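Hello,

Here is the structure I promised to hand over. Please open it alongside this note; my findings follow below.

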Amino acid sequence: MNIWSVICEYNPFHNGHQYLLSEMKKSGAEAIVSCMSGNVVQRGDFALYDKYVRTRTALLNGADLVIELPVTYACAGAEKFAYGGTFLLEATGCIDTLCFGSECGDMERLKQACQAITAPDLADRVKHYLSLGQPFAKARENAVADSDKTLAEVLRSPNNILGIEYLKALPSAIKPLTWKRIGSAHDSMTPCGEIASATMIRERLVRGADCRAYLPEPITAEMHLLSQVETAVLYRLRMMEVSDFARLPDISEGLENRLYHAVRQGCCLAEVLTLAKAKRYSLARLRRLILYAFLGISKEDTAIPPQYIKVLGFNAKGREVLRIMRKTARLPVIMRYADVKKLSPTAQYQYALESRCDDIYALSGRTVASCGQNLTANAIIL
């Protein structure tokens, strides 16, 4: 079977996602595996809808099997996010192709950019620009521009950057394939026909605006918002010492001190972010650090590779993929809590961390849900 894949968030699943899955099947995919973030997403936020709601929508609109990207990779920068996703896809032992959208839509250019950012002499040039107070992404772009300005332009677009990280992490057994992104640009607040950015759709959904034109089907599930638990986040942050911030993932250059003082002064999350913001620290990085702190995720937690393949849902074609995967996977495949009891201690620790984060996420809806979804919910079967 020709099994293709995507690494995704589906936050929420919209017409652009449906378009990509449709193009994949037109191009030869016999089955599609979506490696999807759970209840936490890369921008340092909670997913607007829970992972089972998003799984069901994906299965109804082109995906055949949905597996979960662990929280320690879902709430990470592009490099770590890509590593976790490609690691899981390779671990299935049956994925042929990884597909993704990009602004340039040119695989050769993306491969050239990947070679440029992994060149042995690039690190020293990046350090130079970092010393000027530039954030890492801009420092890397300028370092590449020193030798090739046109190639550096590829590094200015978010989907290009993520695609390059996929190429950097992808094992040779899996072929990369890209489509040129259509419709609205990443984070654009202006739709293009029936294609709109997830950012615009989320903003409209939160304020109750009609988004049916941009979604393959209406969403009636309960929304989850980090702002719903803002006081709890501030409480957690105010309980932390500088040494606690220093143990967070992606902390460097004394950022722990800056965060600590911002937390002591800020009276809301927006103020904390504003006080902590500096030219060299992106807001996305700061949001991720705050979410890491709230969820109690440490550097040590993010150093653990994915330990299992958690199945969130599948349809009839996905069931066929699962039969193959159970023979080829080099990680345990789990569908229910009974499977967790057979895992190694390290894998059980990673699962318990995911469960704890899901229990915190359960506080962020309009109605508070009980603990234990990750222990009691079975995979969705369509």
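In helix α14, which spans residues 269-276, four residues are buried: Leu269, Val272, Leu273 and Ala276. They cover an arc of only 95° around the axis, so they sit on the same side of α14. Please keep in mind that this is a predicted model.

What covers these buried residues of α14? The cover includes α11 (230-238), α13 (255-265) and α15 (283-295).

**α14 against α15**

Start with α15. Helices α14 and α15 pack at an angle of about 125°. Their axes are 10 Å apart.

Which residues make the contact? From α14 come Leu269, Val272, Leu273 and Ala276. From α15 come Leu283, Leu286, Arg287 and Ile290. By type, the residues of this contact of α14 with α15 are seven nonpolar, no polar and one charged.

**α11 against α15**

Now turn to the packing of α11 with α15. The axes of these two helices come within 9 Å. They cross at roughly 85°. Angles of 65 to 115 degrees count as roughly perpendicular, so that is how α11 and α15 lie to each other.

On the α11 side, the contact is made by Ala232, Val233, Arg236 and Leu237. On the α15 side, Ile290, Ala293 and Phe294 take part. The residues of this contact of α11 with α15 divide into six nonpolar, no polar and one charged.

**Arg288**

One more residue of α15 deserves a look. Arg288 is found in this helix. Is Arg288 buried or exposed? Arg288 has a relative accessible area of 12%; buried means under 20%, so Arg288 is buried.

What does Arg288 touch, leaving aside its neighbours within four places in sequence? Arg288 is in contact with Gln42, Arg43 and Gly44, and with Cys75, Ala76 and Gly77.

For a sense of distance, take Ile195. Ile195 and Arg288 are 93 residues apart along the chain. Their C-alpha atoms are separated by 27 Å.

Best wishes

Conventions. Residues are numbered from 1 along each chain as its sequence is written. This is a predicted model: local features need pLDDT of at least 70, side-chain atom pairs count only at pLDDT 80 or more; totals for chains, interfaces and linings use all residues. Side-chain values use heavy atoms; hydrogens and water are left out. Buried means under 20% relative accessible area, exposed over 50%, partly exposed in between (1.4 Å probe, protein chains only). The arc is that of the directions from the helix axis to the C-beta atoms. Contact means heavy atoms within 4.5 Å. Axes are lines fitted to C-alpha atoms, for helices over the stretch in contact, and angles run from 0 to 180 degrees between N-to-C directions. Ala, Val, Leu, Ile, Met, Phe, Trp, Tyr, Cys and Pro count as nonpolar, Asp, Glu, Lys and Arg as charged, and the others, Gly among them, as polar. Angles under 35 degrees count as roughly parallel, over 145 as roughly antiparallel, 65 to 115 as roughly perpendicular and the rest as oblique.
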